[in-house]
Amino acid sequence: MDKKGRFGEYGGQFVSETLMSALLELEHAYDMITADPHFEQALREYQAEFAGRPTPLTFCANMSRELGCRIYLKREDLVHGGSHKLNNTLGQALLAQRMGKKRLIAETGAGQHGVATAIAGAALGLPVEVYMGEVDTKRQALNVFRMELMGAKVIPVKTGTRTLKDAINEALRDWVTHVEDTYYLIGSVVGPHPYPMMVRDFQSVIGCEAREQCKKKEGRVPDTIVACVGGGSNAIGIFYPFLSDTLELVGVEAGGRGIGTGEHSATLCAGEAGVLHGAFSYLLQDAHGQVLPTHSIAAGLDYPGVGPEHSMLKDARRVTYTTVNDQDVLDAFMFLSRTEGIIPALESAHAVAYVLKHADRFDKDDVVVINLSGRGDKDVAEVAALQGVT
Amino acid sequence: MSRIDRVFQRNGQTTFIGFAVAGDPDRDTSARVAHALIDGGTDILELGVPFSDPVADGKTIQKADERAIAAGTTPDTVFSLVREIRAYSAVPIVLLTYYNMVYRRGVERFYREAHEAGVDGILIADMPVEESAEVVEIARTYEIDPIFLVTRTTSPERMDEIVRRARGFLYLVSVLGVTGARDRVPDEALALLHRVRTHTALPLALGFGISAPEHVKTCAEAGADGVIVGSAIVSIVEKNAGNIPLMEQELKRYVARMKAAGVRDR
């Protein structure tokens, strides 16, 4: 990545003039803390004593037997709050505190990033306001309540598609209005530089741990790592420390009701280059450049953009990006719950679904790591409704 | 000297830059809006290219963008509107857009078609000077003035860089925030005006939140060369969508009142 925050040709800083000084300030502050051992130490302490890191790399005996390969789950579902999101929010909230910011704002889709921001804000004594699409506040009502319990204010977004994309729009409008005292805590590897780099760095703890754990258990790195991709933070987090190893990396996007129906969120598989939310990256857009509405059974993947580093990794063919459909995901949600006693988030179930669908690709000695980015408690009510359980 | 330069050379009054979203509420009404703004005395017409995610804009203009997109407005529609307005008047026309609309069409093609239609300037709301090298060069090729934003948070070093690339005028953002009518012109806006003045001889136009004649008067007295009014105009269009002759009348009256407030005492 060069100085202007580019991953190959992707990335950059496409924001209105008012935000440029804030981005430059953030770049500078981030440079300072990466060179500061005290910051690293403070973050490690929060990770160990508060977030519950390291998370296990769990061998799935039942699933492995059934599919005929060696399957491990990287258990980000066990991070405090229920997903990998806290890895990033703790890092950024500590940074915001260092910068003397008085207030955190965030966007959220499924609510997991909102919850993780509320946790970090409560722990560090920073007030939190979370923008959440009105559609998502309804399908993830439990997470709205969790955020409120921890003192965050949830602001339903009623513009546009009323999902994650518009939540980011509103957060950006808030930031531009309160730029001097407010820290915008972005939840994925999207947005203008330095966010994609910074969020990747904070999430890389997933891959660093997984690498060590796999070497210990198997004596080598895995053959395949699979992760779901919405904005792409859990995927880049586990992929990044393995980029120079010889192994297959698979990013699974939300195929929704099928790519052919147009009702999906498969940005890398079905999109083309464009600019949204401050970065040049793949984008789901129409012939004229209007951003398209998206769909996914998983609110956290329901987004028309994707992190710029993923766009680079796609073009370089270093990572294989593919899709699974809503129905595959529901099947995988049931399968993992029943087989291993682990209920995955619908987002993470995309990665599980890929392995189930392509089990015949793996030999019995192949080591496959699935990044289980979050737990599925938040999704139980929606899945029950889809199953006709009331 | 560009058409925009010539407008600012006229003495005795503050240049009135009126904004409407192209295609709001539909193409033909939008043409009548533009004509009414010109008839009322608009010195420079600014047309918004509607975009699905206008993050620099407040509610009023977001809704106008949504109406225009729902009515089928595309960049083709915008360029055809510009041609129609150009046939009606020689008033300079500036497009306000977001970068994805330009990138998607192809930067070269967008500027060429804009030039052929009669566009004089283009402002890309989400393109800071750091990302603008290619666009500025192509703009120059097609004799289109690249318009840049300057805000209270713009550092002196960056302001010098902006001033080096900008042509036509500088768009001074009067407040931290998004577009939308506000009660008064904040003191910080006037302070910004004085600060930018020490960096450039380019004409300076203040925008964001300017909606009433007394705002224009304040800006004029502080030495602004122009004012940019958007949301207040878009609100008139929205409110009178059911009665187009009344809409035209209201627009003309509004622009005339705002213009009158900008006459400088000499």
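The areas themselves come from the Shrake-Rupley method with a 1.4 Å probe, and for residues only the protein chains shown count as cover. A salt bridge, in turn, is a side-chain nitrogen of Lys or Arg within 4 Å of a carboxyl oxygen of Asp or Glu. With that in hand, look at Phe145(A), Leu149(A) and Met150(A), which make a nonpolar surface patch of about 310 Å².

Before going on, a word on what you're looking at. This is a predicted model, where local features need pLDDT of at least 70 and side-chain atom pairs count only at pLDDT 80 or more, while totals for chains, interfaces and linings use all residues. Residues are numbered from 1 along each chain as its sequence is written, chains are lettered from A and ligands numbered from 1 in the order in which they are written, and side-chain values use heavy atoms, leaving out hydrogens and water. The pLDDT is the predictor's confidence in each residue, from 0 to 100. Chain B has a mean pLDDT of 96, with 99% of its residues at 70 or more. For the complex, the predictor gives an ipTM of 0.96 and a pTM of 0.96.

Leu149(A) belongs to helix α7 (residues 141-149) of chain A; helices (H or I, at least four residues) and strands (E, at least two) are DSSP runs, numbered from the N terminus. Leu149(A) is exposed, at a relative accessible area of 61%. Here "exposed" means over 50% relative accessible area, "buried" under 20%, and "partly exposed" in between (1.4 Å probe, protein chains only).

Now head for the buried parts. In strand β6 (residues 128-133) of chain A, five of the six residues are buried, so the rest of the structure largely encloses this strand. Its parallel partner is strand β5 (residues 103-108) of chain A, joined to β6(A) by five bridges; two strands count as paired if DSSP finds at least two bridges between them. Find Ile105(A) and you'll see it opposite Glu129(A) in β6(A).

Chain B has a parallel pair too: strand β6 (residues 170-173) is joined to β7(B) by four bridges. Leu172(B) has Leu206(B) as its bridge partner there. In a regular strand, side chains alternate between the two faces of the sheet. Strand β7 (residues 204-207) of chain B is covered on both faces, with Leu204(B) and Leu206(B) buried on one side and Ala205(B) and Gly207(B) buried on the other.

What about cysteines? A disulfide is a pair of cysteine sulfur atoms within 2.5 Å, and by this rule the count over all chains is zero. Cys60(A) is in no disulfide, as the nearest cysteine sulfur, that of Cys69(A), is 10 Å away. Cys60(A) is buried, at 0% relative accessibility, and Cys69(A) is buried as well, at 4%.

Charged side chains tell another part of the story. Side chains of opposite charge can pair when their charged atoms come close. Over all chains, the structure holds 54 salt bridges. One of them links the side chains of Arg152(B) and Glu180(A) (2.7 Å, N to O). Arg152(B) sits in the loop between β5 (145-150) and α8 (156-165) of chain B, and Glu180(A) in the loop between α8 (164-177) and β8 (182-184) of chain A, so this pair joins two chains. Another salt bridge, between Glu250(B) and Arg253(B), spans 3.5 Å, N to O. These two are three residues apart in helix α12 (residues 244-261) of chain B, which means that about one helical turn separates them. Over in chain A, salt bridges with shared partners join Arg53(A), Lys74(A), Glu76(A) and Glu209(A) into one network.

Finally, follow the backbone. The peptide bond from Arg53(A) to Pro54(A) is cis, with omega near -5 degrees, and Pro54(A) lies in the loop between α2 (37-51) and β3 (57-59) of chain A. Arg317(A) has a positive phi of about 60 degrees although it is not a glycine. You'll find Arg317(A) in the loop between α13 (308-315) and β13 (320-324) of chain A, where it is exposed at 75% relative accessibility.

Conventions: Patches are made of residues with over 30% relative accessible area and no salt bridge: like charges are joined within 9 Å, nonpolar side chains (Val, Leu, Ile, Met, Phe, Trp, Tyr) within 5 Å.
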